[in-house]
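This report looks at aromatic rings and the charges placed over them. The model is a predicted one.

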Amino acid sequence: MSQTPPSPLSPLSPLRDFVAFTTALVAREPDEARLLADLRPALAALVGRDDWLPDELAQPDPQRYCQYLLHADGLERFSVVSFVWGPGQQTPVHDHTVWGLIGMLRGEEISQRYAHDAQGRLRPEGARARLRPGQVEAVSPRLGDIHRVSNAFTDRSSISIHVYGANIGAVQRWVYAEDGGRKPFVSGYSNRWLPNLWDRSNKTVAAR
Ligand code: FE
């Protein structure tokens, strides 16, 4: 991934670079483990700086957490979202059904993984993980796919950037009850319009 210095002419260039990198990666790498190994440092670089996410896609909602689509691959091989937590908000226990990487941009979040025991009951598995700015964690059916995530703070928003191996807002997945029951769930997106990554006219003009 190129390490473009911040430019006032193109604030979205870190996201565009990440999209370009991921597009090339998903086209050449069919193996999930190798793909995640290559993608992890690219997402860490993207969330290692907090100067590019448009304010419109960083707004919390007082009623529920928000998932804003930042980019969907034209073949729906991956999608990138900003996940915005209001103070104290949390998800239900849920799965993803595809690979995903979660990179912490602003604030902090806490993830508790779950797994089914021998009787088919859902149980917390392992310690709660706290994600701090610049850190990245992975989910997938192969690695462990069920968790509950919450904003670590009750007095401020937190934001993480996620990349998933599908158009995640349209994927049929599941929300789980502690007794082992589950309900189908399709997350959708909180935004109607996408950020314009592709107006590169400033760069063209600057190169004249
Ligand atoms: Fe999740």
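Tyr-65 and Phe-83 are both buried. Trp-85 is buried as well, like Tyr-65. Together, Tyr-65, Phe-83 and Trp-85 make up one aromatic cluster.

A pair of aromatic rings is described by the distance of the centres and the angle of the planes. The structure contains 3 aromatic pairs. Among them are the two pairs tabulated here, which have Tyr-65 as a member.

| Pair | Centre to centre | Between the planes | Arrangement |
|---|---|---|---|
| Tyr-65 and Phe-83 | 5.2 Å | 15° | stacked |
| Tyr-65 and Trp-85 | 5.7 Å | 50° | tilted |

The Tyr-65 and Phe-83 pair counts as stacked because its 15° angle is under 30 degrees. The Tyr-65 and Trp-85 pair, at 50°, falls between the limits of 30 and 60 degrees, so it counts as tilted.

Charges over rings come next. Which residue lies over the face of Trp-174? That residue is Arg-182, at 3.7 Å from the ring centre. Arg-130 lies over the face of Phe-153, with 5.8 Å to the ring centre.

Note on methods
Residues are numbered from 1 along each chain as its sequence is written. This is a predicted model: local features need pLDDT of at least 70, side-chain atom pairs count only at pLDDT 80 or more; totals for chains, interfaces and linings use all residues. Side-chain values use heavy atoms; hydrogens and water are left out. Rings of Phe, Tyr and Trp (its six-membered ring) pair if their centres lie within 6.5 Å; planes under 30 degrees apart count as stacked, over 60 as edge-to-face and the rest as tilted. Buried means under 20% relative accessible area, exposed over 50%, partly exposed in between (1.4 Å probe, protein chains only). A charge sits over a ring if NZ of Lys or CZ of Arg is within 6 Å of the ring centre and within 35 degrees of the ring normal.
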